[in-house]
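Grab a pencil and keep the viewer open.

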Amino acid sequence: MTAFLAILCVFLIGIVVVQIGRVTELASKIRGEEEMQDRTNKSNASLMLAFMVVFLVASVYSAYHYKNYMLGYGPHESASAHGSTLDSMFKITLFFTGIVFVLTQIALFYFAWKYKADKNRTADFISHDNKLEMIWTLIPAVVMTYLVVGGLDAWNQVMADIPEGAVSTLVPQNDKEFLEIEATGWQFGWTIRYPGEDGKIGKKNFKLISNNNPLGQDWADEKNLDDMHVGEIVLPKGALVRVRVTSKDVLHNFNLPHFRNKIDAVPGMPTYIVFRPTKTTEEYRQMLKDYKEYQRPDPNDDTKMLWETFNYELTCAELCGKGHYSMRMLVKIVEEPEYRAWLEKQNSYYLSTIRFKDGDPYKDKLFDFEVKARKAEFDETLDKALAAQEAAAKTIRLTYVNFETGGADLTSLSHYELDDLADAMKRYPNLRIEVAGHTDNTGSPDANQTLSEQRAQVVYDYLSKAGVSADRMTAKGYGQTVPVDTNDTEAGRAKNRRTEFVILNQ
Amino acid sequence: MANAHVHPETQEERLIEEHGYDDHFHEHHHGDKFQSNFLTTYIFSQDHKIIARQFLITGMIWAIIGGLMSLVFRLQLGFPDESLAWLKPVLGKWITVSEAGVGTLSQEFYYALVTMHGTIIVFFVLTAGLSGTFSNLLIPLQVGARDMASPFLNMLSYWFFFLASVVMFASLFLSTGPFAGGWTAYPPLSALPQASDGSGTGMTLWIISLVFFVVSVLLGGINYITTVLNLRTKGMSMWRMPLTIWAFFVTAILGLLSFPVLASGFFLLMFDRGLGTSFYLSEIFIGGQALDHVGGSPILYQHLFWFLGHPEVYIIILPAMGIVSEVLSVHARKAIFGYKAMVYSILAIGFLSFIVWAHHMFMSGVNPFISNFFVIFTLIIAVPSAVKVFNWITTLYKGNIRFTAASLFAIGFVSMFISGGLTGIFLGNSAIDIQMHDTYFVVAHFHIVMGVAAFFGMFAGVYHWFPKMFGRFMNETLGKIHFWITMVGAYAIFWPMHYLGMAGVPRRYYRFDTFETFRHFAEMNKFITVAAVIVFAAQLLLVINFFYSIWKGKKMTNPNPWGASTLEWTTPINVGHGNWAGKIPAVQRWPYDYGKDGREFIPQIEPLKDGESDGGH
């Protein structure tokens with residue numbers, strides 16, 4: 001029914017249109033063609049003039065109305081050091097084009113009105129005027145030259161790479177230092193990587209991308225180990241920042257509208273932007289506060305005004321598929337202390353997600369800082385036990401000493417704790433210990449007894465090789481006889497399989 | 001007596017008979033073997049005038065489809081939370097209706113609509129519909145030729161376009177949808193079916209269609225060039241050609257040089273899609289899988305694409321410029337001002353159009369140093385463009401302007417070209433482009449300067465030469481209503497977009513409220529959508545007027561109703577195949593002798609009087 005009515009409507013409109021046409025044709029028959037053409041010339045000439053006035057007023061008024069969205073005007077100030085050069089190019093261009101726009105539109109419509117057909121007049125025969133044409137070739141040429149020179153000057157400044165000899169670091173302190181972060185676009189979002197303590201972003205390879213390695217970082221490159229994946233871009237005000245922009249799948253575009261930055265993310269080819277944020281988010285909010293467009297309640301949170309909820313945003317500006325419009329990420333510019341506090345809360349992606357997992361190429365060794373941490377942990381435990389009075393506290397579990405399943409071979413990371421123990425033995429010359437092996441109840445008790453003895457002996461041998469004299473230690477296997485937890489669950493059994501040492505004398 | 005059956009009656013016929021060139025066209029053959037039945041007269045016609053009409057009507061159909069698509073996505077942008085359930089009967093599964101009855105446009109289809117709108121309007125309407133129509137209609141008529149150099153290739157040109165149309169139309173009905181990666185079809189999005197539903201079969205059909213289209217353009221273009229160079233009538237020196245012909249001629253050269261590059265770009269894309277090559281692809285991880293492609297560069301495609309893509313915008317606008325020059329001059333009853341400067345501008349624009357392509361790529365990751373050159377060349381284009389504008393305005397100065405639908409649209413064209421051209425000065429300057437690139441500022445710029453302006457040129461041409469095509473007039477009043485609504489409406493649609501762009505609002509967004517920065521403009525977007533609906537409705541005035549007038553329009557009684565001096569108006573009212581019944585007219589003077597020596601106009605076929613200056617033509 002609706003469809004029928006719609007078709008009927010279209011049909012009726014068509015008839016009306018045709019009738020309008022026929023009426024005017026009849027009128028021209030009655031009045032004569034020339035008379036009609038004369039009338040229409042007059043009315044359309046007047047419309048030309050009216051259009052000119054309305055159009056110019058509307059364009060100037062709307063420009064005034066929306067002035068606060070113009071580059072470099074009012075609240076639409078750039079928040080980066082280079083942004084203002086670009087904004088001033090915009091203003092200069094607006095000035096020149098504005099003049100040309102008004103003058104040419106006026107000339108066009110005014111002449112159209114002024115020189116409407118008149119029966120008593122013929123047009124002048126003016127075929128050309130070389131002088132005039134030369135003038136209006138030269139004027140645009142001069143103006144264009146001016147704009148080109150200004151524009152290129154701005155362009156080459158803005159697109160310049162970081163100054164030669166500058167060093168990348170996580171928290172830049174002076175003009176010789178810059179922060180390099182990496183943004184990777186994918187359908188449909190961004191992954192942002194910070195360099196970590198070394199200030200350097202590690203290598204990546206798209207073939208290595210997997211569920212727990214979303215960027216394909218190559219863990220063999222040690223620069224990767226401290227790199228952090230963050231949920232929002234936080235940058236210290238005033239620091240020089242270089243963003244390396246990459247893409248995992250299709251083209252994206254890394255666009256920070258408030259900072260006047262935009263560059264495509266191209267799979268297979270990193271691109272770069274360099275900028276220096278000059279206003280913190282808070283400062284920008286304070287600036288917006290004065291403008292009435294921002295003194296309205298936020299539609300998403302009406303307890304706050306728009307200026308209070310303002311945030312810098314990262315957007316995608318290159319069509320990348322159906323979710324193109326949703327690739328938002330929050331950008332915060334903060335003072336350096338706040339930046340440091342935020343960095344404290346970020347974790348190395350490698351350490352938090354990859355360390356000791358299957359893909360970790362370093363799972364057979366400890367890094368220096370880990371060795372130090374383990375040693376500190378061991379020493380603290382030992383010192384606590386030495387200070388303790390009760391006998392039960394004198395038994396210390398060697399948490400990181402493990403054996404290959406079913407055998408008496410130490411796993412690759414076990415020696416670190418044994419080294420710590422050997423060191424402690426040297427530090428405390430009176431210390432005497434018993435090395436004790438324990439198993440869970442899997443398998444036969446006899447076999448477990450043998451295994452525990454063998455394992456205790458392996459530890460004993462390691463310590464002895466490390467220089468601990470035989471009279472300061474004994475090795476003993478307890479088999480499955482001294483469980484510390486239930487043997488009915490896997491977690492319990494894991495606790496029961498253990499190597500301990502008991503302080504006999506200190 | 002060569003043509004015994006021709007009895008000159010009018011002054012024009014006498015002049016042709018007296019000075020014209022006798023090619024014995026009607027002497028030897030008995031009946032027209034190429035136009036012997038309905039099929040060969042109207043369908044597989046080799047007559048350039050019929051082919052022009054075929055291009056025009058096909059273009060109009062595509063314009064309606066492309067326009068309707070824009071309305072659907074404008075509804076989405078203007079009223080993102082309104083139900084579109086009422087479109088379900090047309091769009092089917094692309095509208096999801098929630099349990100509450102709220103219909104939502106699918107994102108994938110939104111992007112398909114945007115993509116198809118661009119492809120259709122740029123290639124099928126403003127290239128085929130504009131250049132295809134008027135180059136075909138006017139080149140033989142205005143240079144004084146019986147037909148194109150190769151009428152058969154000319155016919156093929158239309159049918160390849162038709163084939164392209166059929167393939168593209170079919171892609172609209174695929175279950176995975178038509179191509180949805182933007183009219184520029186940048187890989188990898190366009191190369192990988194995993195990246196987007198439309199990049200599967202939709203993209204395959206898109207490429208096939210456009211390859212057919214390229215064939216069509218090349219067949220047409222080679223014909224236009226050959227005809228202009230070789231089939232000009234006696235006396236028609238290059239400097240006596242109307243500006244329309246200059247424009248079509250340079251347009252055809254641009255097409256001939258640039259479309260093959262586009263085709264090669266497409267072929268490489270096909271290889272990447274189907275044969276496992278890596279011209280455009282490198283280091284891609286998509287759909288949970290690392291692809292084998294390494295070493296290619298998506299930027300290579302952009303270079304190849306824009307090597308066509310930029311000349312393409314001049315392929316669109318130059319014919320419109322030519323038409324406007326002609327129409328303005330005829331209806332202002334005044335010589336076009338600075339004819340030679342106009343020709344040199346066309347040549348300069350044509351040449352420069354080949355060395356500015358990378359201004360579309362300032363932000364694509366090309367070396368910023370390279371951009372310097374493209375900024376310089378791009379802004380230089382403003383100079384010949386400015387010269388043209390000043391010359392059009394001066395053409396009106398001290399004219400005696402007759403307002404018709406055609407002349408109104410020609411004046412509207414100049415206004416649009418100024419407005420849209422000036423914003424190009426912002427975008428061509430790479431520093432400003434950092435902020436403006438891929439925002440609504442660009443959308444506003446190119447829609448005004450090569451969308452609306454080119455349509456205005458086309459409308460001016462349709463209203464002006466309709467009598468030549470169909471022997472009847474279109475209704476002037478409807479034409480003028482059509483003009484005023486479109487003029488005001490087009491500015492209402494595209495002017496506000498500049499402000500969106502200045503605020504950084506990116507184009508090709510499905511909705512804007514995902515970002516705090518972009519959500520300030522809900523009211524403006526509503527306004528734009530309403531204006532777009534009204535402007536689209538106004539175009540139906542043209543469609544109704546056009547088809548009604550073909551059969552019912554006021555009949556032409558005077559073979560030269562506008563008092564124009566060019567050759568096409570020396571043909572009979574009902575022009576047959578071969579254009580002139582007897583001899584081919586010989587040309588004696590340039591085409592813009594309006595208001596000279598106190599006469600309203602002097603036809604090109606009228607010999608110079610003793611002592612009359614030919615003005616260096």
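**Exercise 1.** Work out how B:Lys398 counts: buried, partly exposed or exposed.

*Solution.* Start with the rule: a residue is buried if 20 or more other C-beta atoms (placed from the backbone) lie within 10 Å of its own, exposed if 12 or fewer, and partly exposed in between. Now apply it: B:Lys398 has 18 C-beta neighbours inside 10 Å, so this residue counts as partly exposed. Next, find its place, which is the loop between helix 11 and helix 12 (405-428) of chain B. Helices here are DSSP runs of H or I with at least four residues, strands are runs of E with at least two, and both are numbered from the N terminus. Finally, look at the backbone: phi of B:Lys398 is near 55°, a positive value in a residue other than glycine.

A quick word on the model before you go on: it is predicted, so local features need pLDDT of at least 70 and side-chain atom pairs count only at pLDDT 80 or more, while totals for chains, interfaces and linings use all residues. Residues are numbered from 1 along each chain as its sequence is written, and chains are lettered from A and ligands numbered from 1 in the order in which they are written.

**Exercise 2.** Check what span helix 16 of chain B should have, and find what covers its buried residues.

*Solution.* The expected span of a helix is 1.5 Å times one less than its number of residues. For the 31 residues of helix 16 of chain B that gives 45 Å, and the end C-alpha atoms are 45 Å apart, so the two agree. Its buried residues include B:Ile528, B:Val535, B:Leu542 and B:Phe546. The cover over them includes helix 1 (2-31) of chain A, along with helix 3, helix 14 (440-470) and helix 15 (476-502) of chain B.

Now try the span rule on helix 3 (residues 48-78) of chain B: its 31 residues should span 45 Å, and its end C-alpha atoms are 43 Å apart, which agrees. Since 22 of those 31 residues are buried, helix 3 of chain B is largely enclosed by the rest of the structure.

**Exercise 3.** Find which residues of helix 1 (residues 11-19) of chain B are buried, and why they line one face.

*Solution.* The buried ones are B:Glu13, B:Leu15 and B:Ile16. Seen down the axis of helix 1 of chain B, they fall within an arc of 160° (taken from the directions from the helix axis to the C-beta atoms), so they line one face of the helix. The face turned away from that buried side carries the exposed residues B:Gln11, B:Arg14 and B:Glu18.

**Exercise 4.** Describe where chain B touches chain A.

*Solution.* Two residues are in contact if their C-beta atoms, placed from the backbone, lie within 7 Å. By that rule, 105 residues of chain B are in contact with 96 residues of chain A. Helix 11 (residues 368-396) of chain B gives the largest share of the chain B side, 15 residues. A:Met144 touches B:Leu379, B:Ile380, B:Ala382 and B:Val383, not counting residues up to four places away in sequence. With 23 other C-beta atoms within 10 Å, A:Met144 is buried.

**Exercise 5.** Explore how strand 7 (residues 252-256) and strand 8 (residues 261-265) of chain A are joined.

*Solution.* Two strands pair if DSSP finds at least two bridges between them. Here, five bridges join strand 7 of chain A to strand 8 of chain A, and the strands run antiparallel. A:Phe254 stands opposite A:Ile263 in strand 8 of chain A. The two strands form a hairpin with four residues between them, and A:Arg260 in the turn has a positive phi of about 60°. Strand 8 of chain A is mostly covered, with five of its five residues buried.
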